[in-house]
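Q: Please go through the terms used for this model. For each one, show what it rests on.

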Amino acid sequence: MRTQVAIIGGGPSGLLLGQLLHLKGIDAIVLERKTRDYVLGRIRAGILEVGFVNLMREAGVGKRMDAEGLIHDGTVIAYDNTQINIDFTKHTGTPVMVYGQTELTRDLYDARETVGAKTVFNVEGVEIHGADTDAPYVTYHTKDGEQRIDCDYIAGCDGFHGVSRQTIPDSVRRDYEKIYPFGWLGVMSQTPPVHDELIYSSSERGFALCSMRHANLSRYYVQVPLEDKVEQWSDAAFWDELKRRLPESTAEQLITGDTIEKSIAPLRSFVTEPIRWGRLFLCGDAAHIVPPTGAKGLNTAASDIHYLYNGLVAAYHDNEDEGLAEYSGRALSRIWKAERFSWSMTNMLHRFPDQNGFDLRMQQAELEFLGSNDAAQKVLAENYVGLPY
Ligand code: RFL
Ligand code: PHB
């Protein structure tokens, strides 16, 4: 088989790239290790920056998102019984959109099927060959045996545990990592959200987040020790802990119910450099991970796709290689700033096991400064809605 761009991974990064390329007449095949239903069952991100929203529209898949997505003009940062309202629209002129990763992934798969673009599911043993030559190819197994795709370029969109990053030799690649000593226990519940904006809450008992998907679907998280297992957390225990971490007035309004999903995600900051090796380009979680505190994971994937897509279009349509040559530097420059923001939000809002009295006072001073300083609120708003591409 031959294609122009082989895309490894059918998550949001790979699907968005495939759809954008298709509209420019550039042929791509997506190779996905799991089934479509499995990918759609993974509940993850919920907040889209305007850059992501615009890319979805450019890819021709913005219709349902625009109809069903919720526009959020701000967010709440809470501590003790104090609430700081961060007004995105006042400070940046730009809101964010609440639209679940499951929904946008479904839209992208539907669009791929409608245009007849090729996706191969259940692939095993994907290997990348000759990425540093002019004739790269990918091999993999399906139930029909070993397959080979020859291509011009390979997009490594296969997430943190994929093969693409590992293909770049250790002598070329450097990893930067920080593991946090806690995770987030998240639940989805068919209950109305406690507030019409997200609430990021710092409390003595640890961090909590109130988020949502729509008017009758709430997403809540509490910080938990790394050792905790989901089975230890009954619904009642979760609601009780969440309430204790929210401002009293919010806790009183919380509507609880049965949870329809419950999972624990460890928190990590990670960047690999460079994210281009010859004709292989890493995008999204294959290249970098942020702790979810700034809602940046999916959004940094989108900015990678923006740079790679534009680089590929310039290469194919204008015979201009600068965008591809500069891909790693341009994408990483934005990624490091999103890493900094996610790390600083994580540090400001969580309880760390080794924190002493001084550290706690520092967190408190930072929150008080944020609450009283318009410039600090503007900085937070600018980072949250997304830095320009
Ligand atoms: P994905 O989504 O991991 O998709 C990669 C795909 O590649 C497939 N794959 C392979 N395919 C073929 N061969 C192989 N060898 C393969 N290895 C893997 C996988 O099956 C998968 O389908 O990466 P992608 O596309 O880069 O997308 C990244 C986002 O999923 C991720 O950054 C976000 O979900 C992170 N994230 C959030 N991001 C935000 O922007 N806003 C948020 O509010 C937000 N909340 C979250 C999050 C992530 C979370 N978890 C669980 C990690 C909340 C949570 C709880
Ligand atoms: C979510 O709705 O899942 C969500 C929202 C904001 C975050 C992280 C996760 O910072």
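A: Helices (H or I, at least four residues) and strands (E, at least two) are DSSP runs, numbered from the N terminus. Axes are lines fitted to C-alpha atoms, for helices over the stretch in contact, and angles run from 0 to 180 degrees between N-to-C directions. This is a predicted model, where local features need pLDDT of at least 70, side-chain atom pairs count only at pLDDT 80 or more, and totals for chains, interfaces and linings use all residues; side-chain values use heavy atoms, without hydrogens and water. Residues are numbered from 1 along each chain as its sequence is written, while chains are lettered from A and ligands numbered from 1 in the order in which they are written.

Q: At what angle do the axes of helices H1 and H6 cross, and why is the crossing called left-handed?
A: The axes of H1 (residues 12-23) and H6 (residues 101-114) come within 10 Å and cross at roughly 40 degrees. A crossing is left-handed if the near helix is turned anticlockwise from the far one by less than a right angle, and right-handed if clockwise. H1 and H6 cross in the left-handed sense.

Q: Which residues make the contact of H1 and H6?
A: Contact means heavy atoms within 4.5 Å. H1 contributes Pro12, Leu15, Leu16, Gly18 and Gln19, and H6 contributes Gln101, Leu104, Thr105, Leu108, Tyr109, Ala111 and Arg112. By class, this contact has seven nonpolar, four polar and one charged residues. Ala, Val, Leu, Ile, Met, Phe, Trp, Tyr, Cys and Pro count as nonpolar, Asp, Glu, Lys and Arg as charged, and the others, Gly among them, as polar.

Q: Why are S6 and S20 at the edges?
A: They belong to an open, mixed sheet of eight strands in the order S6-S5-S14-S15-S16-S13-S17-S20. S6 (82-87) and S20 (288-289) each have a single partner strand, so one side of each is left without a neighbour in the sheet.

Q: What do S5 and S6 form?
A: S5 (residues 74-79) and S6 run antiparallel, joined by six bridges, and Gly74 stands opposite Asp87. The two strands form a hairpin with two residues between them, and Asp80 in the turn has a positive phi of about 45 degrees.

Q: Which strands does H10 lie across?
A: H10 lies across S1, S12 (153-156) and S19 (280-282), running at about 175 degrees to S12. These strands are part of a second open sheet, ordered S8-S2-S1-S12-S19-S18 with mixed pairing. Within that sheet, S1 (residues 5-8) and S2 (residues 28-31) pair in the parallel sense over four bridges, and Ile7 has Val30 as its bridge partner.

Notes
Two strands pair if DSSP finds at least two bridges between them.
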